[in-house]
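Hi,

Here is the structure I promised to pass on. Have a look at it first, and then read my notes below.

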Amino acid sequence: MKLVFFIHKDSSKKGEILQKIINTNFYGTKCQIFRAFDTLKKSLKREIQLTENEIFILLAESVSRLNELNSFIDLLEGKRIILILPDSSKASLSKASKFFPRFFTSISDTYDDLCDVLNKIINQERIKLN
Amino acid sequence: MPKVLIIDDDLEICEILVKRFKRLDHEVKYSLTLGQGLDKIFSEDFDVVFLDVNLPDGNGMDAIESIREKIFAPEIIIMTGKGDLEGAELAMKARVWDYIQKSGTHKEFKFSLIRALEYRQQKQSKTSTKKIKRGAIIGKSRQIEVCLRSVSKASNNDIPILISGETGTGKELFAKAIHENSLRYQNDFIVVDCASLPEHLVESVLFGHSKGAFTGADSDKIGLIKLADKGTLFLDEVGELPMAVQKKFLRALQEKRFRPVGGKKEISSNFRLISATHRDLPEMVKQDRFRDDFYFRIASLSIEIPPLRDRKSDISLLVTYHMDRKEKFFDEFPHQISDEFLKNLFGYDWPGNVRELLNTIDYACSEGFQEPMLFAKHLPDHIRVFNIKARIKKHKSFESKPDSYKNRAPVEQLGLKDYIEKMKHNYVTDIISHTHGDIKTACRLSDLSRGHLYALLKKYDISSS
């Protein structure tokens with residue numbers, strides 16, 4: 001099980017908080033963090049680990065970031081995605097639905113629900129492997 | 001069973017019509033006001049609505065336009081107490097099915113209803129023959145064709161669909177295809193991954209919540225059911241939905257209305273439900289681990305997606321599709337596929353189904369990186385080991401089989417024509433070997449003419465000496 005985070009280098013405080021949460025809550029789980037679109041795109045193409053299930057947690061702290069993610073939605077087809085949205089407006093939610101996310105939350109929420117969802121997925125994966 | 005709604009403020013007329021139409025084996029409901037009637041129309045799927053003109057809370061004619069906006073809108077038959085020519089003209093211009101007087105005979109009501117239902121059926125079968133958009137569903141096997149016919153059927157109506165199949169068979173692709181081919185395609189397709197949601201979150205994620213509903217609910221939050229309004233809600237891994245939530249969801253599905261967590265008012269959502277599972281839901285129902293009423297409601301139409309091992313003839317197409325896609329979207333180095341590579345793919349059992357196949361192709365491309373041709377050595381070890389073991393096992397059982405079993409062609413890799421050719425080749429080899437090259441005996445045993453036998457020997461490059 002691998003958690004692949006996208007936290008853009010310019011995502012400011014919300015990104016920093018998410019980074020801290022990853023470090024404290026998912027210690028022992030394989031995590032990878034991308035801070036630019038180019039490197040994320042490259043990773044989507046390479047580093048194939050056959051036995052590894054990946055979840056992509058994408059932070060879109062602004063509408064423009066969400067639009068940028070939307071521009072390479074084809075590359076994310078078939079991936080398990082969790083989205084952190086800039087707001088809970090109908091427009092953002094509608095854009096989010098095009099990613100067919102497993103779960104989404106917004107930056108105004110705490111990350112508690114996100115952690116609960118990720119922990120459940122990780123536990124299920126452990127049960128499956130045992 | 002066709003569903004009929006009567007909207008009339010005269011209780012006696014409603015009761016008479018309910019009785020008559022029930023005798024025709026239809027499900028019939030009635031409303032005494034326009035408001036209640038419209039609520040029913042938008043929360044349930046009716047085939048025909050008998051609509052009175054003068055109702056206590058409005059004019060039935062004014063409601064025609066809004067009823068027609070509904071996806072799979074019912075046919076409307078206007079009922080009036082008096083023969084009003086102008087009203088009849090207006091109704092026909094509004095493209096209602098019929099305009100009848102309440103004083104009409106039983107036959108008039110019955111035939112108008114029957115004809116409306118026939119027309120509706122014809123309309124549905126017409127759309128069912130249209131070519132469907134397959135999306136990323138790849139395959140030409142008979143099993144896939146059967147599933148696609150079900151997709152077509154499912155997209156021509158609005159009933160709840162249950163898609164079942166092993167993990168990795170592509171249930172979500174089929175759900176998306178149903179949505180894309182339905183009248184709801186311009187609206188959202190909302191995924192709910194029931195397996196990923198912790199129990200305490202499911203309810204608020206589905207139904208939404210109001211500010212202050214629980215600790216941490218700092219603002220109102222829209223739920224996924226509401227988000228799927230006018231579109232499709234896809235409940236993935238529905239077998240993991242907690243029993244308590246199943247009960248609440250069942251009501252939302254039937255009434256198309258629900259109350260967000262901590263909310264005071266009910267809200268509505270006109271969503272279409274598609275569910276998917278890899279579990280045996282009927283067995284779960286028997287074990288009281290899944291509600292039977294919920295199961296019967298979500299499985300109005302069931303589609304079973306076959307595992308990849310049962311449709312191996314689709315493997316080549318899936319590989320080609322995936323490699324083309326990789327080349328197009330990822331600018332990947334183009335690879336050719338060797339026969340032995342493909343042979344190994346055919347030989348494997350694919351417990352992880354299509355998902356495992358596509359991951360395997362990704363892995364092989366990565367292993368082959370800039371080599372022009374992919375060989376078996378580029379495949380993951382477990383697939384090669386599986387094939388080698390299967391070959392050894394086959395060889396051993398082949399050794400113990402009678403001669404007639406030897407040299408049999410692998411049926412899963414050949415079409416009938418090639419298979420027959422291969423067997424013909426084997427037969428000629430065997431007969432020449434058996435007769436030690438004695439052409440006369442070979443002709444007698446095979447019932448072939450000398451000329452025909454020589455032609456076959458030449459064709460297959462077999463020496464009689």
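Before the numbers, one term: two residues are in contact when they have heavy atoms within 4.5 Å of each other. Keep in mind, too, that this is a predicted model.

Let's start where the two chains meet. How many residues does each chain bring to the contact? Chain A puts in 25 residues and chain B puts in 35 residues. Between them, chain A and chain B bury an area of about 2,600 Å², and carbon and sulfur atoms give 58% of that.

There are charged and polar links across the contact as well. I count six salt bridges between chain A and chain B. One of the things you can look up is the salt bridge between the side chains of E77(A) and R325(B), at 3.9 Å from N to O. Nine residue pairs, both partners at pLDDT 80 or more, are in polar contact between chain A and chain B. On the side of chain A that touches chain B, the elements giving two or more residues are α2 (37-45), α4 (90-97), β5 (103-106) and α5 (112-129). Of these, α5(A) gives the most, with six residues.

Next, a helix to look at in chain B: α10, residues 243-255. With 13 residues at 1.5 Å a residue, α10(B) should span 18 Å, and its end C-alpha atoms are 19 Å apart, which agrees.

Which residues of α10(B) are buried? They are V245(B), Q246(B), F249(B), L250(B), A252(B) and L253(B). These cover an arc of only 170 degrees around the axis, so they sit on the same side of α10(B). Here is the background: an α-helix has 3.6 residues a turn, so residues three or four places apart point the same way.

The buried residues of α10(B) pack against several parts of chain B, including α8 (199-207), β13 (272-277) and α12 (292-298). On the face turned away from that buried side, α10(B) carries the exposed residues A244(B) and K247(B). Just after α10(B) comes K256(B), which takes a positive phi of about 60 degrees.

- D25(B) is not a glycine, yet has a positive phi of about 75 degrees. D25(B) lies in the loop between α1 (11-23) and β2 (27-31), and counts as exposed because its relative accessibility is 56%.
- W350(B), also not a glycine, has a positive phi of about 55 degrees. W350(B) is in the loop between α14 (339-347) and α15 (353-368), and is buried, with a relative accessible area of 0%.

Cheers

How values were computed: Residues numbered from 1 in each chain as written. Chains lettered and ligands numbered in written order. Predicted model: local features only at pLDDT ≥ 70, side-chain atom pairs only at ≥ 80, totals over all residues. Heavy atoms only, no water. Helix = DSSP H or I, 4+ residues; strand = E, 2+ residues; numbered from the N terminus. Expected span 1.5 Å × (residues − 1). Buried < 20%, exposed > 50% of the residue type's maximum accessible area, 1.4 Å probe, protein only. Arc of directions from axis to C-beta. Buried area = accessible area lost by both parts, 1.4 Å probe. Salt bridge = Lys/Arg side-chain N within 4 Å of Asp/Glu carboxyl O. Polar contact = N/O pair within 3.5 Å; in protein donor to acceptor, adjacent residues only side chain to side chain.
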